[in-house]
Amino acid sequence: MNPSEQTLPDHADVVVVGGGFAGAATACFLARRGVSDILVLEAADQFGSAASGLNASMFRQVATDPVTGALLRASVDRIRNGCWDDPVDVRWNGSLLLVEGERGRPALAAAQAAASAGFDCRIVGRDEATARVPILASAHFDHAIWTPGDGVADISALLWRYLREAKRRGARLVTGCPVAAVEVESGRVAAVRTPLGRTTCRLLVDAAGAWAEEIGALAGLGPLPLTPFRRHLVVTPPQAWVDPKWPLTWHLTDDWYFRPEVGGLMLSPCDQTPWFAGPTPRDPTVLESLAEKLAARCPPLANLPIQSWWAGLRTLTADGRFAIGPDPRLPGFFWVAGLGGHGMTGSAAVGDLAATLLTGGTVDPGLARAVDPGRFLAG
Ligand SMILES: Cc1cc2nc3c(=O)[nH]c(=O)nc-3n(C[C@H](O)[C@H](O)[C@H](O)COP(=O)(O)OP(=O)(O)OC[C@H]3O[C@@H](n4cnc5c(N)ncnc54)[C@H](O)[C@@H]3O)c2cc1C
């Protein structure tokens, strides 16, 4: 629909600000819990045009933070086995997480803990890793974590699973509609104002990704703290030597990754430049640093031809863990933010957790505390 033809309802029980994975999954799981009066407002002309449409599409389930790792595994299990009757399109090629030296210890410990809890991953040596991805023969690493159940998703299809289901269950989805003001009355969230009109609401879900703090500021809230970081992705043209069945391969201690992409490779130098909520122009010096890094650490991957490249924003909290929960300073304001580099993978668990908390359902108190945005506001 042409944005100019869209109108907003006078009232919605829940207004979700942002139509990326955070907002879409929260709306979907809220609707599953019987909340039908949901309004999802997306500033851009399309859903998923920010981080949720610019990411590397990788399901990676071993993370050093135990809370994040558990949420990622719960999420992928849900997406793979039962979120929908019709499976989402994912290439379950597995992952190899490479580590070297002392700095690799936390990741190895996280993998061991996950395996002890029954998750299918194991630590392998160079021989097995190189047998799976022969180009690693010249790479520098000591061990790898092999996770057969990791993979690469069709991110647009996954995002639209959440959005379509939310819509089918009664949610209203509106694009081209930036929230420009948040009204507070009697000490709680009362309404949002947009170029398309004003909508009163009982609850506001701030799922605005890199812009989440801006939405908080519109409601008079101080910083959370959330920091957007710019990261680049590079895609090569098809290469005869690339096997599309290779797992995604991430050197955790060197900070680079690659995975098969339409006959070629997608690579990232894992750059992490503090940025602002807004456009992410490409920085050519990042290509030089990627080439230098790979020339030293995995020469066959250095200086490959480039077909396309872009940058997006990963928005992290101060401790790197998601911020999901009510703002203790303002009743009616709920954060689903700081999804960092895991927002697509974690989407089903994030949406389910947010919806459960929003509807007063039962959540493990330890989990609720661990992701509570209030942890940054104590004192
Ligand atoms: C280069 C890169 C690679 C990544 N790779 C992976 C990966 O392989 N696997 C993985 O799981 N994750 C990955 N991520 C992380 C993942 O993309 C994010 O965690 C996730 O997309 C965050 O979703 P979000 O909904 O919080 O934010 P966004 O997708 O940024 O959505 C926020 C939305 O809010 C909207 N908005 C902003 N202001 C307003 C307003 N005033 N009113 C209404 N709407 C507004 C924006 O337009 C935007 O669409 C990667 C990220 C990047 C940048």
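Guide: In this predicted model, 10 residues of domain 1 are in contact with 7 residues of domain 2. The domain assignment builds each of the two from separate stretches of the chain: domain 1 takes in 3-53 + 156-225 + 319-376, while domain 2 takes in 95-148 + 227-315. Between the centres of domain 1 and domain 2, taken over C-alpha atoms, there are 31 Å.

Both domains take part in the ligand site, for the shell around the ligand draws at least three residues from each of domain 1 and domain 2. In total, 38 residues surround the ligand, and the closest are Glu42, Ser52, Val179, Gly340 and Thr345. Sorted by class, this shell holds 22 nonpolar, 13 polar and 3 charged residues. Several elements of secondary structure each supply at least two residues of the shell: helix H1 (21-32), helix H2 (51-54), strand E13 (226-235) and strand E18 (308-317).

A polar backbone atom of Thr345 is 2.7 Å from an oxygen atom of the ligand, and a polar backbone atom of Gly343 is 3.0 Å from an oxygen atom of the ligand. At Ala56, a polar backbone atom lies 3.1 Å from a nitrogen atom of the ligand. Taken alone, the ligand exposes 1000 Å², of which the protein buries 95%.

Two residues within the bounds of domain 2 may now be examined in turn. Ser95 belongs to strand E5, which covers residues 95-99. Because its relative accessibility is 0%, Ser95 counts as buried, the limit being under 20%. The side chain of Ser95 makes a polar contact with the side chain of Asp150, at 2.6 Å. Apart from its neighbours within four places in sequence, Ser95 is in contact with Ile145, Trp146, Thr147, Asp150, Pro247 and Leu248.

Leu108 is placed in helix H4, residues 105-116. With 15% relative accessibility, Leu108 therefore counts as buried. Not counting residues up to four places away in sequence, Leu108 touches Val99, Ile123, His143 and Ile145.

Key:
Residues numbered from 1 in each chain as written. Predicted model: local features only at pLDDT ≥ 70, side-chain atom pairs only at ≥ 80, totals over all residues. Heavy atoms only, no water. Near = heavy atom within 4 Å. Polar contact = N/O pair within 3.5 Å; in protein donor to acceptor, adjacent residues only side chain to side chain. Areas by Shrake-Rupley, 256 points an atom, 1.4 Å probe, with all protein chains shown as cover. Helix = DSSP H or I, 4+ residues; strand = E, 2+ residues; numbered from the N terminus. Nonpolar A, V, L, I, M, F, W, Y, C, P; charged D, E, K, R; others polar. Domains from an automatic or database assignment. Buried < 20%, exposed > 50% of the residue type's maximum accessible area, 1.4 Å probe, protein only. Contact = heavy atoms within 4.5 Å.
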